[in-house]
Amino acid sequence: MSKYLLNKFLFTVDRDPELVERYREQPRETVTWWEAQEANRLLNCVTAEASTWLAFDDTEREALATHDYPALFDLGAHPFLTLTLFIALFERDHDMPLGFQLEYASRLADRTLPYPDIST
Amino acid sequence: MAQLVAVIASTHHPFYYRASTATGQDRPPFADEWVRKIEAFRATLTRARPDVLVMVGSDHFHQLWLDNMPQFLVGKAPTYDANWYNEEREFGLPRMVLPGQEDLSAYVLREGLDAGFDLAFSNELRIDHSITCPIITLRPQADLPIVPIYTNIFAPPLPQPRRFVQLGQTLRQLIESWPSQQRVAVIGTGHLSLELGGPRQFGAHGPDPEFDRRAVEWIGTGDLEKALAEVTLESLHLPGNATHGFMDFMLMMGIAGEGNRADHVDTLDLFHTMEAYFTWYPNGLDGGSS
């Protein structure tokens, strides 16, 4: 598993308004593009000095491509990053204040302690 | 030498700004009580007449990232831009600019290193709601220079709780030995029980009211011994997956000192979290006059 890369995806998309919209509308295409173009970009470095070895495994790629945030929780993605980005994606679809956050909790209701390890 | 005139610890709820400024049907029913409590809390800082604020918070994966994550970082910049696009998006927080106090930053870094803390530093730190929320609540005019200190409370591996207490004890020594006539207040924010991105989030109360009750008692009475005896990195997962932010409260207990009761203790039970507010006057309100 590459929890670091899962987190890097969530982190880089969450901080870019255009990417947030692109990921909402075209999740699979965005994940494919991001893995090919962005996964190995060093965030504090010129693009020419990128890493060479980072990639999702099939389970991770599918979880991101299907907006499957319970699966991301199970994979040990950082829950703060997951929650924040998915609020940006889906809160707008709910009329009730905090509607998405409550749905998020409901969909994870059968998870019990200990939660998956989020260490990277 | 500088005077430590107030030690302030609180939660940092990013919805306060929106709730307190909302009007009409948008204003939540708990807003007025929340504002009253915050204004009473704000008065505890105003009374101390500080010249500079040391601000303890934690970057929420805004600037600091897993490719190069510091455990404890001191900002050393003349100016700090504040708040981020995704905080504006989610919480409605305004963009802010805060002045820095570079002399005290430099002193904390040099003396802190020599005292045994391998502190990271940043000459260009954009700060987030962990520091701007207490500015909004406690010093909304944002007119005092700050020294931001970031701790890592949510990207494992984390420092042990005792290390947060030790850093607090060291920060107090450093502030009180700073060769300056300035009046220093330290403001730090953390969490009681809190769940984010998990099944226990946004319930009727915080995820673990019993932990919150005990934590408020430890902080309010300065009972560091009991807090350290009952809290470990492992146990802090139990009251909620974001409860490691409690270690920033423990840091503030280290600054306030073992056994020192807070002069102001207040709480507010919001629907998904217990807000908590503490102020100590280390030299008393009169003893701190210059």
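Predicted model: local features only at pLDDT ≥ 70, side-chain atom pairs only at ≥ 80, totals over all residues.
Buried means under 20% relative accessible area.

**View 1. B:Asp59 sits in a loop of chain B and is buried.** The loop runs between strand 2 (52–57) and strand 3 (72–75) of chain B. The relative accessible area of B:Asp59 is 8%, so the residue counts as buried.

**View 2. Backbone nitrogens face the side chain of B:Asp59 in two polar contacts.** The backbone nitrogen of B:Leu64 lies 3.0 Å from a polar atom of this side chain. For the backbone nitrogen of B:Gln63, the distance to a polar atom of the B:Asp59 side chain is 3.2 Å.

**View 3. B:Asp59 touches residues beyond its sequence neighbours.** Leaving out residues up to four places away in sequence, the contacts are B:Leu64, B:Asp128, B:Tyr150 and B:Phe154. B:Ile153 is 94 residues from B:Asp59 along the chain, yet their C-alpha atoms are separated by 8.9 Å.

**View 4. The second largest pocket holds about 610 Å³ of space.** Its lining has 22 residues. Closest to the pocket centre are A:Glu91, A:Pro97, A:Leu98, B:Phe15 and B:Arg18. By class, the lining has 14 nonpolar, three polar and five charged residues.

**View 5. Helices of chain A and chain B supply residues to the lining of the second largest pocket.** Helix 6 (79–90) and helix 7 (99–107) of chain A each give at least two residues. So do helix 1 (16–21) and helix 3 (85–91) of chain B. Helix 6 of chain A gives the most, with three residues.

Notes. Residues numbered from 1 in each chain as written. Chains lettered and ligands numbered in written order. Heavy atoms only, no water. 1 Å grid on protein atoms, 1.4 Å probe; cavity = no way out; pocket = protein on both sides within 12 Å on 5 of 7 lines; lining within 4 Å. Points joined across faces, edges and corners; volume = space filled by probe spheres on them. Helix = DSSP H or I, 4+ residues; strand = E, 2+ residues; numbered from the N terminus. Nonpolar A, V, L, I, M, F, W, Y, C, P; charged D, E, K, R; others polar. Buried < 20%, exposed > 50% of the residue type's maximum accessible area, 1.4 Å probe, protein only. Contact = heavy atoms within 4.5 Å. Polar contact = N/O pair within 3.5 Å; in protein donor to acceptor, adjacent residues only side chain to side chain.
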